[in-house]
Amino acid sequence: LLKPTDQAMAEDTELLLMFAARAEHIQQVILPALKRGDWVVSDRFVDATFAYQGGGRGINEQRIKQLAEWTLQGCNTDVTFLFDLPVALGQTRVEQRKQQKDRFEQEKQEFFERVRNCYLARAEAEPKRIKRIDASQTSAVTTTGINTLMTALFPWQQTVWQHIVDRVEQQRMPHAVLLTGVSGLGKKQLASKMAESLLCLAADK
């Protein structure tokens, strides 16, 4: 799918291969991780298919929806970060990598304009799930934007963590901390962060 080639691929072939790969990834990686209570971070998911194969290739959106319902079986992102920037700037950054372009990166600017427009339309239609981040800035500014969004999405973690830090600085560390709530809040991750810090395993300790 990504290997550079001069041989054309039928649009439906590309679409079906994308969903076949995604179905295997869900069954072998994502679902087992979710059952363990882990968080799953993916650099692309089904929004990319709507954008690239739908917006970019012009494949009917209803056909993509049908395949998505069949292969995903209800598995979708809780939140998607859309790193948005002008197409011309994105292409400049690709050139600066000085690496061989993959099959999609070889497409023309018009293709990526359609892809971007589809992404933005999906973000406008689902603002609670898809969060747009201005990626035209420096990496430091972009990282700040991510942290701001994460704090807004999981404010309780920051509150609990700050409370623990304050108690430690006051030399009044509690004997135990009870983390409760529904599945998916990130309790396990926060507990791991606490343990790393207390055992001086964290990089900043």
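Reader: Hi! Among contacts in the protein chain between residues at least 6 apart in sequence, what percentage join residues at least 24 apart?
Author: That share is 72%, where contact means heavy atoms within 4.5 Å. This is a predicted model, in which local features need pLDDT of at least 70 and side-chain atom pairs count only at pLDDT 80 or more, while totals for chains, interfaces and linings use all residues. Residues are numbered from 1 along each chain as its sequence is written, and side-chain values use heavy atoms, with hydrogens and water left out.

Reader: Thanks! How many helices and strands does the protein chain have?
Author: There are 8 helices and 2 strands in the protein chain. Both are DSSP runs numbered from the N terminus: helices are H or I with at least four residues, and strands are E with at least two. Starting at the N terminus, the order is α-α-α-β-α-α-β-α-α-α.

Reader: And what percentage of the residues count as buried?
Author: The protein chain has 205 residues, and 29% of them count as buried. Buried means under 20% relative accessible area, exposed means over 50%, and partly exposed is in between (1.4 Å probe, protein chains only).

Reader: Let's switch to salt bridges. How many are there?
Author: The structure holds 10. A salt bridge here is a side-chain nitrogen of Lys or Arg within 4 Å of a carboxyl oxygen of Asp or Glu. Side chains of opposite charge can pair when their charged atoms come close.

Reader: What else does Arg129 form a salt bridge with?
Author: Glu126, again with the closest N and O atoms 2.9 Å apart. Glu126 is partly exposed, at 32% relative accessible area. Asp47, Arg122, Glu126 and Arg129 are linked in a network of salt bridges.

Reader: Nice. Which residue does Glu61 meet in a salt bridge?
Author: Its partner is Lys65, at 3.4 Å from N to O. Glu61 and Lys65 are 4 residues apart in helix H3 (residues 61–72), so about one helical turn separates them. Glu61 is partly exposed at 44% relative accessible area, and Lys65 is partly exposed too, at 34%.

Reader: New topic: at what angle do H1 and H3 pack?
Author: About 25 degrees, with the axes of helix H1 (residues 11–35) and H3 10 Å apart. Axes are lines fitted to C-alpha atoms, for helices over the stretch in contact, and angles run from 0 to 180 degrees between N-to-C directions. H1 and H3 are therefore roughly parallel; angles under 35 degrees count as roughly parallel, over 145 as roughly antiparallel, 65 to 115 as roughly perpendicular and the rest as oblique.

Reader: Which residues make that contact?
Author: Among them are Leu15, Phe19 and Ile26 of H1 and Ile64, Leu67 and Leu72 of H3.

Reader: Last one: at what angle do H1 and H2 cross?
Author: Roughly 175 degrees, and their axes come within 11 Å. That makes H1 roughly antiparallel to H2. The contact includes Leu15, Met18 and Phe19 of H1 and Val46 and Gln53 of H2.
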